[in-house]
Amino acid sequence: WDVCRQQIQQIEELEAAVKEAELVIEAVPEKLELKQKIFRQLGEMAPPAAILATNSSSIPVSRLEQSSGRPERCLNLHFYMALHGMNMTDVMGGTCTLPEVLELGINWVRSLGCIPLTVKKELLGFCFNRVWRAVKREVLYMWANGYVDFRDVDRAWMKFTGREDRPGPFGLMDSVGLDVIYDIEMVYYRNSEDPKDHPPQALKEKVARGELGVKTGRGFYSYPDPEFLKDDFLKAGGSIE
């Protein structure tokens, strides 16, 4: 771990950071216009042979590829939360991605010790992230409309998965950041224009209050000591408040 950390460099100038890169992965906020701007800059600054990838949680690279000037060398490489044991990565090409570029992406993901989840045809949300998104939409609906306490959803998830040491959906959303969750849900809504896909107002209000999850110390839970890590959490269900 220390060796890996020593190899990481922090460079403030984008051009200097990518001038000799073979692969560049952007991870800016989930805003289409911002990602297109970054891809345009990467296309101008990175070596012609460099592969340009996005770590977007929902946006297909086909919506960014033309901005890059090299659509045949663009990929989706969406990493999950490795620190939570989710060492897997969605790998998806765009409309022009060369087969050899896709293969390079898959092999590189494997070299990191991650499981490549290859998406054969373009799909909003990719592989498992689309499954996770369906879970998010349902549990947010249940919580925002007062049907259940979010803690009981997490208790059920922890028991169902057999991972009582890991957070449920609401704890996971806190880890991602509720502002990021809201932006991702808006991507799905803008794509479908279905009111059922719009994130609930209650989530928007939490974001407006700065309750973003782990990074601000409060989201659905309070940090650094969230309830779901306490020994009696699973026994404390059934609140009618």
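Mentor: Let us begin with a pair of helices: the axes of α6 and α8 come within 10 Å and cross at roughly 110°. That angle makes α6 roughly perpendicular to α8. Please keep in mind throughout that this is a predicted model.

Trainee: Which residues of α6 and α8 make the contact?

Mentor: From α6 come Trp 132, Val 135, Lys 136, Val 139, Leu 140 and Trp 143, and from α8 come Pro 169, Phe 170, Leu 172 and Met 173. Sorted by class, the contact of α6 with α8 holds nine nonpolar residues, no polar ones and one charged.

Trainee: At what angle do α6 and α9 pack, and how far apart are their axes?

Mentor: Helix α6 (residues 128–144) and helix α9 (residues 178–192) pack at about 105°, and their axes are 11 Å apart. Angles of 65 to 115 degrees count as roughly perpendicular, and α6 and α9 are therefore roughly perpendicular to each other. On the α6 side, Asn 129, Arg 130, Arg 133, Lys 136, Arg 137 and Leu 140 take part, and they meet Ile 181, Ile 184, Glu 185 and Tyr 188 of α9. The residues of the contact of α6 with α9 divide into four nonpolar, one polar and five charged.

Trainee: What does Phe 220 touch, leaving out residues up to four places away in sequence?

Mentor: With those left out, Phe 220 touches Leu 140, Trp 143, Phe 150, Phe 170, Asp 174, Leu 178 and Lys 206.

Trainee: In what order do the strands form the sheet?

Mentor: As a general principle, strands of a sheet pair through backbone hydrogen bonds, either parallel or antiparallel. In this model five strands form an open sheet in the order β1-β2-β3-β4-β5, with mixed pairing. At the edges stand β1 (23–26) and β5 (115–119); each has a single partner strand, so one side of each is left without a neighbour in the sheet. Direction ignored, neighbouring strands of this sheet are turned by 30° against each other on average.

Trainee: In which sense do β1 and β2 pair?

Mentor: β1 and strand β2 (residues 51–54) pair in the parallel sense over four bridges, and Val 24 stands opposite Leu 52 in β2. Helix α3 packs on the sheet, where it touches β1, β2 and β3 (74–79), and its direction makes about 165° with that of β2.

Trainee: Is Ile 38 buried or exposed?

Mentor: Residues under 20% relative accessible area count as buried, and Ile 38, at 14% relative accessibility, is therefore buried. Ile 38 lies in helix α3 (residues 32–45). Beyond its neighbours within four places in sequence, Ile 38 is in contact with Glu 26 and Val 28.

Trainee: And is Asp 183 buried or exposed?

Mentor: Asp 183, placed in helix α9, is buried, with a relative accessible area of 17%. Not counting residues up to four places away in sequence, Asp 183 touches Glu 30 and Lys 31.

How values were computed: Residues numbered from 1 in each chain as written. Predicted model: local features only at pLDDT ≥ 70, side-chain atom pairs only at ≥ 80, totals over all residues. Heavy atoms only, no water. Axes fitted to C-alpha atoms, helices over the stretch in contact; angles between N-to-C directions. Helix = DSSP H or I, 4+ residues; strand = E, 2+ residues; numbered from the N terminus. Parallel < 35°, antiparallel > 145°, perpendicular 65-115°, else oblique. Contact = heavy atoms within 4.5 Å. Nonpolar A, V, L, I, M, F, W, Y, C, P; charged D, E, K, R; others polar. Buried < 20%, exposed > 50% of the residue type's maximum accessible area, 1.4 Å probe, protein only. Pairing = 2+ DSSP bridges.
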